[in-house]
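Dear colleague,

Here is the structure I promised to pass on to you. Please keep it open while you read the notes below it, which go through what I found.

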Amino acid sequence: MTAQSIPADQLLSAIREAGVQDVVLVPDTHQRTVLDLLMDDEEIRTIHCSTEDEAVAVSAGLIIGGRRPMMQIQHAGLYASVNNLRGVALDGQFPIVLLIGLLGRDPELEPEEDGSSMVRLCRPLLETLDIPSHLLDGPDDLHHVAEAFDEAQERNGPVALLVGTTTS
Amino acid sequence: MTDNSSVQRMSLDAALDVLARRREEQVVVGTMTANGAWRQKSPHDLNLACIGFMGGASTLGLGVALSQPDRDVWVIDGDGSLMMQLGSLGTIAGAAPANLLHIVIHNGVYETSGSQPLPSQQQVDFAQMAEGAGYAQTASFGDAEEFDSAIDELLAADGPTLIQLYTRPADRFYSARPTPPGTTPALARMWPPVAEALAG
Ligand SMILES: Cc1ncc(C[n+]2csc(CCOP(=O)(O)OP(=O)(O)O)c2C)c(N)n1
Ligand SMILES: [Mg+2]
């Protein structure tokens with residue numbers, strides 16, 4: 001199995017089709033081509049945060065006010081956001097979808113076999129937190145984006161999408 | 001440099017009274033010692049609380065403010081809490097919500113955990129930091145009457161606004177009681193009615 005790169009415009013279409021209104025982000029090197037498109041997008045608002053912990057709380061606040069946000073971060077940011085993932089997203093029961101880039105992942109390997117701790121520990125951490133995750137290992141996996149929003153609503157809690165290779 | 005050791009300080013009670021007198025239909029996010037006091041002074045179904053995620057009040061309030069631009073949002077933050085998410089000053093200034101008022105209760109200590117001193121307790125000045133971050137307005141008060149006579153003008157102008165209130169800490173600490181299994185956390189109970197009120 002080799003993970004395929006996802007073209008930026010296809011990922012953006014999937015985000016749009018999921019009804020996302022706000023992308024709450026700390027830049028992810030891995031998804032920079034998508035970020036370029038998002039920042040030029042007229043309909044989807046980007047909200048830039050200093051840390052991923054903040055991005056969780058901003059997303060929760062947006063949901064309270066009736067918006068449909070999505071968090072876009074990288075794996076290092078997942079580790080930086082754990083206290084608010086627990087205290088806000090899980091305890092507060094907020095349906096927050098996180099798009100997490102696995103920067104530097106070896107596309108030939110399962111993330112758990114990766115040499116980098118940032119990649120390797122991502123899914124085990126999400127499992128520990130009881131946050132479901134879906135790996136986007138190519139354009140065929142983009143159906144997970146809209147589905148993740150339904151899953152988050154059903155669970156009343158966060159759901160993670162892992163972008164397996166650098167977007168093109 | 002600010003010298004906090006000689007600054008005038010009001011009681012938390014007097015500081016919150018000034019705000020409570022202006023309470024209408026704002027969403028208010030409280031945290032730490034100010035939160036309990038606020039809920040007694042201004043009970044309202046638009047009160048939210050940051051409990052169990054220290055530092056998150058400012059950005060929770062930011063999210064609500066950005067989702068509801070026609071509604072005023074007040075955050076009543078702790079100084080130690082803001083210190084923990086200091087980058088939120090930049091996040092808020094960048095997003096620039098005109099409807100956000102960020103109050104910082106500057107008691108100089110972590111009162112809830114036993115009044116230990118803040119790092120840089122003697123010098124830290126959140127109004128200067130917010131100004132440097134790019135807030136539209138900042139102000140500091142150590143006297144409740146002065147705060148009372150200045151606040152209406154501050155509320156009338158566009159935010160984001162940070163008001164630093166120097167208060168006297170009480171000496172107390174919070175001892176967590178065991179949470180029985182199956183308890184719904186405070187935030188999960190509080191936000192759905194707020195969301196409903198904002199949608200309606
Ligand atoms: C991440 C994290 N670290 C430490 C604590 C312990 N703690 C609980 S309350 C508190 C102090 C809060 O201080 P401040 O925000 O200044 O509010 P005050 O109690 O002074 O009103 C601390 C350190 C915590 N709750 N969460
Ligand atoms: Mg304090």
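Along the chain, the donors of the magnesium ion (ligand 2) follow the spacing D-x27-N-x1-V, where donors are N, O and S atoms within 2.8 Å of the metal (3.2 Å for Na, K and Ca), and since water is not among the atoms, sites may look incomplete. The pair D79(B) and N107(B), 28 residues apart, links distant parts of the chain: D79(B) belongs to helix α4 (residues 79–84) of chain B, and N107(B) to the loop between β4 (100–106) and β5 (109–110) of chain B. Helices (H or I, at least four residues) and strands (E, at least two) are DSSP runs, numbered from the N terminus. The protein donors are D79(B) through OD, N107(B) through OD1 and V109(B) through O, and they lie 2.1 to 2.2 Å from the magnesium ion (ligand 2). Both D79(B) and N107(B) are buried, a word that stands for under 20% relative accessible area, while exposed means over 50% and partly exposed in between (1.4 Å probe, protein chains only).

Before going further, please note that this is a predicted model, in which local features need pLDDT of at least 70 and side-chain atom pairs count only at pLDDT 80 or more, while totals for chains, interfaces and linings use all residues. Residues are numbered from 1 along each chain as its sequence is written, chains are lettered from A and ligands numbered from 1 in the order in which they are written, and side-chain values use heavy atoms, with hydrogens and water left out.

Ligand 1 lies between chains A and B, and 15 residues surround ligand 1, the closest being T33(B), D79(B), G80(B), S81(B) and T112(B); a residue is counted here if one of its heavy atoms lies within 4 Å of the molecule. Which element gives the largest share of the shell around ligand 1? That share, four residues, comes from α4(B), and α2 (32–41), α4 and β5 of chain B each supply at least two residues of the shell.

S5(B) and Q121(B) are 116 residues apart in sequence, yet their C-alpha atoms are 8.5 Å apart in space. By contrast, I44(A), in the loop between α2 (32–40) and β2 (45–48) of chain A, counts as buried because its relative accessible area is 4%.

The peptide bond from G159(B) to P160(B) is cis, with omega near 5°, and P160(B) is found in the loop between α7 (144–156) and β8 (161–166) of chain B. Q93(A) has a positive phi of about 60° although it is not a glycine, and Q93(A) is placed in the loop between α5 (82–90) and β4 (97–101) of chain A.

With best wishes
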